[in-house]
Amino acid sequence: MGEASSERDPGFLTPHGATMRAEVRVIKYILSGWLIAIVGFQLFAYLLEVNYSELLLTDLTFFNLPIQFWLSGQLLPLWFIILCVLFNIWMDRHSVQSREGSLRFRIKPVSGEDE
Amino acid sequence: MAYGMLQLVPIIIVGAMFALFIISGLRNRSNQASQYRFIGSYTGRVGIGAGIACNWMSAASFLGLAGVFYLKGYFAMAYVVGWTGGYVLLLVLMATQIRRFGKFTTPDFVGFRYESDAARTLAALISIVISIIYCVAQFRGIALLVSWLLGIDYIPAVVVGTILFVSYVVVSGALGVVRNLKLQYFVLIITFILPLMLLTRKLGYFWILPQFGYGAAIGELQQQFDFNWSDPFGATTLYEWLALCFTLMFGTAGLPHVLSRFYMVPGIRDARWGVAWGLFFIALIYWSAPAYGVLARLFEARNGISLNMTGADAADMIALSAAGLGGLPLWVVGILAAGGLSAAFSASAGLLMSGSASFSYDLYPRLIRPGVSERDKVVAAKGFFLVLAAIVMLLTFQPWGMIAEIAAFAFAVAGNTIFPAFLLGIWWPRANATGVISGMMAGLCISFAPLFIGNSLPFISQAIPFTSSAFIGAPLVIIIMVCASLLTAPPSAAIRHFIRREVHDCPEN
């Protein structure tokens, strides 16, 4: 039974059904935004340091904070909160839609009545 | 800041704060019939968020982070990003699904998902190890604060701190105190941010939002004292930064006492929104913590005090030192100490209770006394709580790093063991008991390798520093789990059907 049935198992790389496919797609978007921001900001700071030494990093400030402090210490936690809120809003809407869909599927409309 | 003498005013403030928590907990008990007891009660999504944040806040957040900033500058941002970014992983990959499994502890989840008592026992042992390591960080914080409050040396302070902590838990338990997590979070955040506002106001900076105001101190350090903060990767490498950051994120999504919050929330939607609120409350602390490290540097520079790079104790107490050096009244330093002590007590209580529950419900009835009654399990849990406290106390006599570094090691262990077990358990139904046992064993080896063989093989401690091993370790453990699972029989059809239908809501094939 092993391999033949395991091929039917849903997973992150092989989502099954509309609900799971949609959920995995949004998770991939959120994780991409998460990863790009974390690695991107550090690469940005690293390249500034390597290419322009301290001159640019000293001059580039936001609210008096050196740009790398602001990006990592202030903006990234805020970005994580935004990602969480976006994910929750999407999940809330998606769960309402899928519930409505399943109700439409399950409840037989009375004859002559609109769905 | 004066050491070696009794700090009467701060002691009174600390006592008053703990009395407030106990009285509020007793009122809670009479107002509601809660089964959560000392673990805490909460209502609504904001309440769940406050519970998550309160559960999270520890000596590492309250004291340790400022200390790392003080010593290592921008490198400490890896802690801020790691300890907040992990919640995104937790939310999108685990929070909803864990709730759908309907299990109440990490060993419960592992035992049910992988259908293996051996995997469950191993998960229980790992939970206990993580609790002990994380608690050493808390006990170190408690000892440093007690040492300052009572004017005694570090080692006696460890003993006195342990006695105070155990007494607090026993008294709270005996009185049936139900923790009011919203109140506790509110008090903790006030005790952390109020002194910072007063400090920045005194310096003439933008004090309404001290999280931004401390930028002026960085400028002053640069211009007047030639102290350079604009060199993010000067002392460390980009690899070290990313390795620590990702280790902390994987660990956040794998810490048993963090995961346990999601087993008990009323609904899936509440669990998700609770994470978002919790992250906001946690971020309030992390937006502020760097300021203490920077301001302490500024005050020292103004007073002509040179930086002591080897003074881990001084660095871990830097939040209080900053308040003292800034000339704030003793009662303000006192409320900062009270907040730190409360965070450390609360985190330690949660961790040791989680550890003792793992022992009494997973190890004791399976390995020591099969068929033991529920009453005996409760007695065993209480006894093991004391044993764990004693073990942690002994380890705290000679800790292996600063508060934040010890905590980071606990995160590395969780990231190398529990995180891959949960991740594949939820998202890959083919993962089986052999896979998870091999993976968790490999994760333990990877976590402890830098400590035990790092000296003889320096390459190991450079590639996988003990605080940052999950960056390489977690993907490696996932590969091991996948290979071991594919080479052995798949899990039962029942559990795979459960994952397909109940966890991922997939249609029947």
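How are H20(B) and H22(B) oriented to each other, roughly parallel or roughly antiparallel?

## Helices H20 and H22 of chain B

This is a predicted model. In chain B, helix H20 spans residues 433-452 and helix H22 spans residues 470-487. Their axes come within 8 Å and cross at roughly 150°. Angles over 145 degrees count as roughly antiparallel. H20(B) and H22(B) are therefore roughly antiparallel to each other. The crossing of H20(B) past H22(B) is right-handed.

On the H20(B) side, the contact residues are Thr434(B), Gly435(B), Val436(B), Ser438(B), Gly439(B), Ala442(B), Gly443(B) and Ile446(B). They meet Gly473(B), Leu476(B), Val477(B), Ile480(B), Met481(B), Ala484(B) and Ser485(B) of H22(B). The contact of H20(B) with H22(B) holds 8 nonpolar residues, 7 polar and no charged.

## Helices H6 and H7 of chain B

Another helix pair in chain B is H6 (residues 117-150) and H7 (residues 154-175). Here the axes come within 8 Å and cross at roughly 105°. That angle makes H6(B) roughly perpendicular to H7(B).

H6(B) contributes Phe139(B), Arg140(B), Ile142(B), Ala143(B), Leu144(B), Val146(B), Ser147(B) and Leu150(B). H7(B) brings Tyr154(B), Ala157(B), Val158(B), Val160(B), Gly161(B), Thr162(B), Leu164(B) and Phe165(B). By type, the residues of the contact of H6(B) with H7(B) are 12 nonpolar, 3 polar and 1 charged.

## The interface of chains A and B

How many residues of chain A are in contact with chain B? The count is 57 residues of chain A, against 56 residues of chain B. The size of an interface is often given as the accessible area lost when the parts come together. Chain A and chain B bury about 5000 Å² between them. Carbon and sulfur atoms carry 69% of that area.

## Salt bridges

Between chain A and chain B there are 4 salt bridges. Asp9(A) and Arg496(B) form a salt bridge through their side chains, at 2.8 Å from N to O. Over all chains, the count comes to 14 salt bridges. Asp9(A) lies in the loop between helix H1 (2-6) and helix H2 (17-59) of chain A, and Arg496(B) lies in helix H23 (residues 493-503) of chain B, so the pair joins two chains.

How values were computed. Residues are numbered from 1 along each chain as its sequence is written. Chains are lettered from A and ligands numbered from 1 in the order in which they are written. This is a predicted model: local features need pLDDT of at least 70, side-chain atom pairs count only at pLDDT 80 or more; totals for chains, interfaces and linings use all residues. Side-chain values use heavy atoms; hydrogens and water are left out. Axes are lines fitted to C-alpha atoms, for helices over the stretch in contact, and angles run from 0 to 180 degrees between N-to-C directions. Helices (H or I, at least four residues) and strands (E, at least two) are DSSP runs, numbered from the N terminus. Angles under 35 degrees count as roughly parallel, over 145 as roughly antiparallel, 65 to 115 as roughly perpendicular and the rest as oblique. A crossing is left-handed if the near helix is turned anticlockwise from the far one by less than a right angle, and right-handed if clockwise. Contact means heavy atoms within 4.5 Å. Ala, Val, Leu, Ile, Met, Phe, Trp, Tyr, Cys and Pro count as nonpolar, Asp, Glu, Lys and Arg as charged, and the others, Gly among them, as polar. Buried area is the accessible area (1.4 Å probe) that two parts lose on being put together, summed over both.
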